[in-house]
Amino acid sequence: MGIQSNVEVQTEWGIVSARQAGRNLAKEAGFSSVDQARIATAISELARNIYLYANNGEIIIEFLENENVSPPRRGIKITARDEGPGIDNIRNAMEDGYTTSGGLGAGLPGVKRLMDEFDIDSRSGVGTEITAIKWLR
Amino acid sequence: MQPSIIQMIHNQRHYIIDNWLEEINTVQTETVGNNVPKEMDDETNRKFIEMIIDTLEYEQREAKGKLRGFVERLIYSGWPLSYFTRGMQSFRSVLLETMSSGEGVNSKRIFETFYEIETWVDGIVNQIADEYSGSWENTIQLQRHALNELSAPLIPVFEKISVMPLVGTIDTERAKLIMENVLEGIIEHRSHVVLIDITGVPVVDTMVAHHIIQAAEAIRLVGAECILVGIRPEIAQTIVNLGIDLGKLQTKSTLQQGIEAGLQMTQRKIVKCNTESASSVVIGG
Ligand SMILES: Nc1ncnc2c1ncn2[C@@H]1O[C@H](COP(=O)(O)OP(=O)(O)OP(=O)(O)O)[C@@H](O)[C@H]1O
Ligand SMILES: [Mg+2]
């Protein structure tokens, strides 16, 4: 629960404004400058994948606050959602160096390492939803 | 437009102008603000309304030309679009009010009259909006051009050594410019060493890294060497997290260290002079 921001990704400007929103929220939440950079970079990867492979979609950035555990946990959750072609083979896509676009193939496995939690749900012809969380330490 | 309507506007010219000037005065304090002297406002207002009414006498092309010239001048001096749109709204209501209260309007033709006036006013508003958007597009075009020139400059700092300082977001278009400018610049300045400074790049993601790696390879292909400088600590961490291998690239943490390395690679170094002006520094070698 808390502050949330949604950014539509249709052009490269969408990528820029998504990571700006993420960086602002991360700063407000009290993340270190290294973690701010990690969060902004993860958003950049997910948003660029949307732009490249699905043409358009959205990035949702939320502030998480879990009071039910002690000590209370706080963090930032990124959701990248699109209704693009989906990822045929998720296992391949998560491998370092796997790319269908002549890139470095470092985006998805990189996001998993940049963040604390990572979840990917994708169906061929339906779309892709990726969530990633960074906890405040 | 029907001659009878033109005739009517002419007959009521003073009444229309006075009424409009009164209305525009209230609009103006809201839109233009107070940074223009009142007399100038009044003069512009009068010229504007007279020009609009006068266009009835010109043939269409000429009328458009007159309007364009007038609007362009105001755009140039920073008048807001809302001055024109609100002004034309007031003009329409003043006209319609004059028409309906005035003598000589045949009630059977009142719709026709209104319709003609609406069409006339709409045409003017459309043209004004077109002039504005044209001038905006023009401005954006110019700014884009200026931005492109600024976005990836290759600067020769010493003989054989050039620096490309990158500041701001790198998108696809800019990545292309980096490659083009670096390769053209190397030839032009006969650079042996190129320093790419990424101190000002906020996020280095896989795409940016990929473009830098490709630029470095291209630099090597044309016979020069590339040194990447200005990798901030948090950027170094994210690059490692992404699993990107910059091992093949030469890197230095600061631009100064990069320049020193560049001088060394071209068999030169910076030495202190032993003359009276002991603090001055020159390049020897
Ligand atoms: N949102 C998406 N929709 C469809 N396919 C995707 C999506 N995101 C990733 N993929 C597929 O997964 C592959 C791996 O993605 P990843 O981001 O890891 O690498 P990349 O985008 O190819 O290169 P890099 O991110 O290093 O520039 C992509 O090449 C693409 O085929
Ligand atoms: Mg990617």
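User: How many salt bridges does the rule count over all chains?
Analyst: This is a predicted model in which local features need pLDDT of at least 70, side-chain atom pairs count only at pLDDT 80 or more, and totals for chains, interfaces and linings use all residues. Residues are numbered from 1 along each chain as its sequence is written, chains are lettered from A and ligands numbered from 1 in the order in which they are written, and side-chain values use heavy atoms, with hydrogens and water left out. A salt bridge is a side-chain nitrogen of Lys or Arg within 4 Å of a carboxyl oxygen of Asp or Glu. Over all chains, the count by this rule is 15.

User: Which residue forms a salt bridge with B:D205?
Analyst: Side chains of opposite charge can pair when their charged atoms come close. Across the interface of chain A and chain B, the rule finds one salt bridge. Its closest N and O atoms are 3.8 Å apart, and the partner of B:D205 is A:R48.

User: In which helix do A:R38 and A:D35 both lie?
Analyst: Their side chains meet in a salt bridge, with 2.8 Å from N to O. Helices are DSSP runs of H or I with at least four residues, strands are runs of E with at least two, and both are numbered from the N terminus. A:R38 and A:D35 are three residues apart, about one turn of the helix, and both lie in α2 of chain A.

User: How much area do chain A and chain B bury between them?
Analyst: The contact (heavy atoms within 4.5 Å) takes 22 residues from chain A and 19 residues from chain B. Buried area is the accessible area (1.4 Å probe) that two parts lose on being put together, summed over both. Of this area, 57% is on carbon and sulfur atoms, and the total is about 1700 Å².

User: Which helix supplies the largest share of the side of chain A that touches chain B?
Analyst: Between the chains, eight residue pairs are in polar contact, both residues being at pLDDT 80 or more. A polar contact is a pair of N or O atoms within 3.5 Å; within protein, one must be able to donate a hydrogen and the other to accept it, and residues adjacent in sequence count only if both atoms are side-chain atoms. On chain A, α1 (12-29), α2 (33-54) and α4 (107-114) each supply at least two residues of the side that touches chain B. The largest share, nine residues, comes from α2(A).

User: Where does ligand 1 lie?
Analyst: Ligand 1 is surrounded by 20 residues, the closest being A:N49, A:Y53, A:T99, A:T100 and A:A106, where near means a heavy atom within 4 Å. An oxygen atom of ligand 1 is 2.6 Å from a side-chain N or O atom of A:Y53, and an oxygen atom of ligand 1 is 2.5 Å from one of A:T99. Ligand 1 lies between chains A and B.
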